[in-house]
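Please keep the structure in view while reading.

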Amino acid sequence: MELVLIRHFQTEGNGKGQYIGSTDEPLDECAIPKHLSGYPKIDHLAVSPMKRCMQTADLLYPSYDKIICPLLRELDFGEYERKTYEELKDRAEYQRWIDSGGLGAFPGGEDRVCFQKRCMQGMELLIKELTELESRTAGVVVHGGTIMAVMSACDRKKRPFYEWQVGNGEGYIVSVDLSEWEQGDHYFRNIRKIRRNKNS
């Protein structure tokens, strides 16, 4: 089975460099690419329930029914929601979070370890459903944080979380060996990057 993991297109907050996690922000219509060709063909479509992912999925794969995956929603940034680095850089608790490599919990938000566990639970449920549907290639339109969480968890080389960062409209194509996955060997194979044409 192949999974096409795609980060949603840009929102207004993304364009401003804000932390946008639990905020259910729609896409910035001015930033939607003019040309949407080049994305892989799929059999099934899975989507985070957040507006920005639902709208991106409608643009890329308009004729598909959606498998809604609540566990694949973005990290909750708590008190940092809709704030930028410049707004937060002088706060001691924010600097401690930066110094921790992003491992600590956000004030009033979600811990990254718990977030990664949630995302992997969502991925396991999704792959089970896709297996039952006999899907060969599935699109998964989610968030940047979600992609980093599952890619770092399912990478045999154990490359770090932030190494998997992607831009809006970008992501990865990965292969899943279903027999190995069912035996608990939860790793991705044949990893390829999806890069959006910046001129589109």
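Gly-167 is found in the loop between helix 6 and strand 5 (171–175); helices (H or I, at least four residues) and strands (E, at least two) are DSSP runs, numbered from the N terminus. The model is a predicted one, in which local features need pLDDT of at least 70 and side-chain atom pairs count only at pLDDT 80 or more, while totals for chains, interfaces and linings use all residues. Residues are numbered from 1 along each chain as its sequence is written, and side-chain values use heavy atoms, with hydrogens and water left out.

Gly-167 counts as partly exposed because its relative accessibility is 22%; buried means under 20% relative accessible area, exposed over 50%, and partly exposed in between (1.4 Å probe, protein chains only).

With a relative accessible area of 6%, Glu-25 is buried. Its side chain reaches the backbone nitrogen of Gly-13 at 3.0 Å. The side chains of Glu-25 and Arg-82 are joined by a polar contact of 3.0 Å; such a contact is a pair of N or O atoms within 3.5 Å, where within protein one must be able to donate a hydrogen and the other to accept it, and residues adjacent in sequence count only if both atoms are side-chain atoms.

Attention now turns to the strands. In strand 4, six of the six residues are buried. Thr-137, Gly-139 and Val-141 point one way from strand 4, whereas Ala-138, Val-140 and Val-142 point the other way. Strand 4 pairs in the parallel sense with strand 1 over six bridges, and Glu-2 has Thr-137 as its bridge partner in strand 4. Two strands pair if DSSP finds at least two bridges between them. Strand 2 and strand 4 also pair in the parallel sense, over four bridges, with Leu-45 opposite Gly-139.

Helix 5 comes next. Its 21 residues (residues 112–132) should span 30 Å at 1.5 Å a residue, and its end C-alpha atoms are 30 Å apart, which agrees; the expected span is 1.5 Å times one less than the number of residues. At the start of helix 5, a side-chain oxygen of Asp-111 reaches to within 2.8 Å of the backbone nitrogen of Val-113. Just after the helix, Glu-134 takes a positive phi of about 55 degrees. The buried residues of helix 5 include Phe-115, Met-123 and Leu-130. Among the elements that cover the buried residues of this helix are strand 1 (2–7), strand 4 (137–142) and helix 6 (144–153).

Which residues have the most contacts inside the largest nonpolar core? They are Leu-3, Leu-126 and Phe-188, in a core of 39 residues. A nonpolar core is a set of buried Ala, Val, Leu, Ile, Met, Phe, Trp, Tyr and Cys residues joined through side-chain atoms within 4.5 Å. Helix 5 supplies the largest share of this core, seven residues. In soluble globular proteins, nonpolar side chains tend to be buried together.

Leaving aside its neighbours within four places in sequence, Phe-188 is in contact (heavy atoms within 4.5 Å) with residues including Leu-3, Leu-5, Val-150 and Trp-181. A second, separate core of 15 residues includes Leu-45, Ala-57, Val-141 and Ile-173.
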